[in-house]
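Dear colleague,

I am passing on the structure we spoke about, and below it you will find my notes. Please read them with the model open beside you.

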Amino acid sequence: MDSRGLEEMTLNSMSLRSLDMPAESEPELLCILGTGDLGRSLGERLLQSGFRVVYGSRRLHGGSPLLSDPRVQVTSHEAAAQSANIIFVCVHREHYEFLATMRNHLQGKVLVDLSNNLKKDMYPEANAVYLQRLVPKAAVVKGLNTLSAWALQNGLLAGKQVYLCGDSAEAKQAVAQMATKLGLSVLDKGSLSAARELEDFPLKLFPEWRLPLSVALGLTAFFFFYLLIRDVIYAYVEKKDEISYRIMVSLANKVFPIVALIMLSLCYLPGAIAAFLQLYRGTKYSRFPNWLDRWMVSRKQMGLVALGFAFLHVTYTFIIPIRYAVRHKLISRVVDEIKKNKTTPFRFDNTEAWGTDSFVTLGILGFFLFVLLGITSLPSVGGSLSWREFNFIQSKLGHLTLFICTAHGYVYGWNKFLLPSTYKWYTPPGFMLCLIVPSVVLVLKGILLLPCVDRTLTLIRQGWERTQPKVDETKQTNL
């Protein structure tokens, strides 16, 4: 092959390579107005995601190392706004006035409002609505305000859900694409009228935990005062025995397992109610009542609260041997036995030994499974399991845990149910009351496992429908 043919082949290959490998486009430039903690954290995260960043600031020579980065531009507010299409407003509402002087520079730009307030209804209108009124020719998008500077700095963004709202669909789409590159999950909340709702999100204190914590607090208060009356006040009134020292440990160690067992059973009670409701309706596609839907959504939080009370119960149980009252009672009992008869050994009760060992064994097994349920509910652990594995642990092992913990309570009171001395002032002890809800759950679960329950509920539903008065079709047509 001559040199001319080789040269043509080389040129053709170069032209083909240039068509197959397009030139790399320059990274998108984003503007941030404000160099506070949030603005700097957001800029650092944007740089790590491949964007270019320009800051608009009154101080062009800031002391932050980020602002000294060669990849970062720091210029005036006007120059920064002109250089980018998407502008993040990371300043407080009370400093928005300077944006009104930049209306010409912000025309056609996308303004992302990240501001929040210190309390609800702090201003008559939402911050984003106020910003849109100041800059009417810009497209204001409210969003990313649920991200904290700490979360941005530590990279805790993967899969985190953020909310957007705005009147421009194109502007929201541009911001959503940028947020997706940061690893965020975006939910569109509609027009800018939803900005007030978005600004109230960071002000909510444990919204998903409110119901479980309220239930746990109510149960704790009820059983604490109930057992205080039965144990401490009863002993003082009837026997003139002052045992108020038991409030700190003994009384608390009765309340904690009671609340833990009831909260655990409340995790599985809504599932049983929902199953019976579906069988009665004859379909699984009808919507549950709002109260049941809210209850089922908060089951995970209820289980974790129950696990916390179980941990307190175990901790308090471990310190029982070192308590002064326990050591004093044990020593006094030994001394009394020696005084009565020094040669006769202590009587060994085989039934009591079986009951104590069974009680302790069931408690250990129940707590072990309880902890296993809590660990698998963590996103990092549950995400590594298949749906079948996760369902087996949370449902099958969950009901087994409830059964073992309930048996733990029954063994505790196996010889106390029929004793008249158990019912002080004709009231049942706390452990009897706490066994009601888990026993009901286990019975309902057992009924659902029966093969005839579906047919029975269908017949009940059909019989109920036949008893309802029928509306005359002619009258209905006239109506």
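Over the ring of which residue does the charged end of Arg 93 sit? The ring is that of Tyr 130, and the charged end of Arg 93 lies 4.3 Å from its centre; a charge is said to sit over a ring if NZ of Lys or CZ of Arg is within 6 Å of the ring centre and within 35 degrees of the ring normal. The charged end of Lys 416 likewise sits over the ring of Tyr 412, at 4.6 Å from the centre.

Before going further, please note that this is a predicted model, in which local features need pLDDT of at least 70 and side-chain atom pairs count only at pLDDT 80 or more, whereas totals for chains, interfaces and linings use all residues. Residues are numbered from 1 along each chain as its sequence is written, and side-chain values use heavy atoms, with hydrogens and water left out.

Tyr 412 also belongs to a cluster in which ring pairs link it with Phe 359, Tyr 410, Phe 417 and Phe 431. Rings of Phe, Tyr and Trp (its six-membered ring) pair if their centres lie within 6.5 Å, and planes under 30 degrees apart count as stacked, over 60 as edge-to-face and the rest as tilted. By this rule there are 15 aromatic pairs. One of them, Trp 291 with Trp 295, is tilted, with 6.4 Å between the centres and 40° between the planes. These two residues are separated by about one helical turn, because they are 4 residues apart in helix H11 (residues 290-297); helices (H or I, at least four residues) and strands (E, at least two) are DSSP runs, numbered from the N terminus. Trp 291 is exposed at 51% relative accessibility, whereas Trp 295 is buried at 15% (buried means under 20% relative accessible area, exposed over 50%, partly exposed in between, with a 1.4 Å probe and protein chains only).

Turning to the sheet, 8 strands form an open, mixed arrangement in the order E3-E2-E1-E4-E5-E6-E7-E8, where two strands pair if DSSP finds at least two bridges between them. E3 and strand E8 (185-188) are the edge strands, each pairing on one side only. Within the sheet, strand E6 (residues 139-143) and strand E7 (residues 161-166) pair in the antiparallel sense over 3 bridges, and Val 141 has Gly 166 in E7 as its bridge partner.

Finally, the buried residues of helix H2 (residues 37-48) include Leu 42, Arg 45 and Leu 46. Just after H2, Gly 50 takes a positive phi of about 100°.

Methods. The expected span of a helix is 1.5 Å times one less than its number of residues.
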